Amino acid sequence: MRHEVTGADTAIALGSGDVPVLGTPRLIAWLEAATVEAAAELLQAGETSVGTAIEVQHRAPTAVGGSVEVSVTERERAGKRLEFTVEAVDQEGTVVGAGRITRAAVDRERFVAGFA
């Protein structure tokens, strides 16, 4: 998934800092979206996944107008636990962020019924 950094993606816009570069919350959201997509091939009929843990290092800034390619480099299912290794690389090949995101496979109907 490739994303272009806009003013709405900056630390200033997201309230996570006062510099006009890609904000960590947006980077994490993009990485998590990649795991949602990757989880689809690990899920059984009637299941969905929910996020449970994020450990990501934001390693380098990306200015407005720059682009970031996010990807899942490893995926594994152990019972209900889904583990993903994620990476974000800018247009120059610099690793902007990397880490692990954990999701849990849940029965979608039962999960939704639990809070409806």
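Is Glu-41 buried or exposed? Glu-41 is exposed, with a relative accessible area of 59% (buried means under 20% relative accessible area, exposed over 50%, and partly exposed in between, using a 1.4 Å probe and protein chains only). Keep in mind that this is a predicted model, where local features need pLDDT of at least 70, side-chain atom pairs count only at pLDDT 80 or more, and totals for chains, interfaces and linings use all residues. Residues are numbered from 1 along each chain as its sequence is written, and side-chain values use heavy atoms, with hydrogens and water left out.

**The sheet**

- Let's start with the strands: five of them make an open sheet in the order β1-β3-β4-β5-β2, with antiparallel pairing. Helices (H or I, at least four residues) and strands (E, at least two) are DSSP runs, numbered from the N terminus, and two strands pair if DSSP finds at least two bridges between them.
- What holds such strands together in general? Strands of a sheet pair through backbone hydrogen bonds, either parallel or antiparallel.
- β1 (2-4) and β2 stand at the edges with a single partner strand each, so one side of each has no neighbour in the sheet.
- On average, neighbouring strands of this sheet are turned by 25° against each other, direction ignored. Axes here are lines fitted to C-alpha atoms, for helices over the stretch in contact, and angles run from 0 to 180 degrees between N-to-C directions.
- β2 and β5 pair over 11 bridges in the antiparallel sense; here Val-50 has Ala-104 in β5 as its bridge partner.
- β3 and β4 are also antiparallel, with 10 bridges, and Arg-77 is bridged to Leu-82 in β4.
- Nine bridges join the antiparallel strands β4 and β5. One example is Glu-87, whose bridge partner in β5 is Ala-98.

**The turns**

- β3 and β4 form a hairpin with two residues between them, and Gly-79 in the turn has a positive phi of about 65°.
- The hairpin of β4 and β5 has four residues between the strands, and there Gly-93 takes a positive phi near 90°.
- Gly-93 counts as exposed, at 52% relative accessibility.
- Now look for Val-112: Gly-93 is 19 residues away from Val-112 in sequence, but 40 Å away in space, C-alpha to C-alpha.

**The helix and the core**

- Helix α2 lies across β1, β2, β3, β4 and β5, and runs at about 130° to β4.
- β4 is mostly covered, with seven of its 10 residues buried.
- The largest nonpolar core has 18 residues, and those with the most contacts inside it are Leu-22, Leu-31, Val-68, Val-70, Phe-84 and Ala-88. A nonpolar core is a set of buried Ala, Val, Leu, Ile, Met, Phe, Trp, Tyr and Cys residues joined through side-chain atoms within 4.5 Å.
- Two or more residues of this core come from each of α2, β3, β4 (81-90) and β5 (95-107), and α2 gives the most, with six residues.
- As a general rule, nonpolar side chains tend to be buried together in soluble globular proteins.
- Leaving aside neighbours within four places in sequence, Val-70 is in contact with several residues, including Met-1, Trp-30, Leu-31 and Ala-88 (contact means heavy atoms within 4.5 Å).

**Charged pairs**

- The whole structure holds nine salt bridges (a side-chain nitrogen of Lys or Arg within 4 Å of a carboxyl oxygen of Asp or Glu).
- One of them joins Arg-75 and Glu-41, with the closest N and O atoms 3.5 Å apart. That pair links distant parts of the chain, 34 residues apart: Arg-75 sits in strand β3 (residues 67-78), and Glu-41 in the loop between α2 (24-39) and β2 (47-58).
- Arg-75 is partly exposed, with a relative accessible area of 35%.
- Glu-83 and Arg-81 meet in a salt bridge at 2.4 Å, N to O. Glu-83 is buried, at 12%, whereas Arg-81 is partly exposed, at 49%.
- Asp-107 and Arg-110 form another salt bridge, with their closest N and O atoms 3.9 Å apart. Asp-107 is partly exposed at 31%, while Arg-110 is exposed at 63%.
- Salt bridges that share partners also join Glu-47, Arg-77 and Lys-80 into one network.
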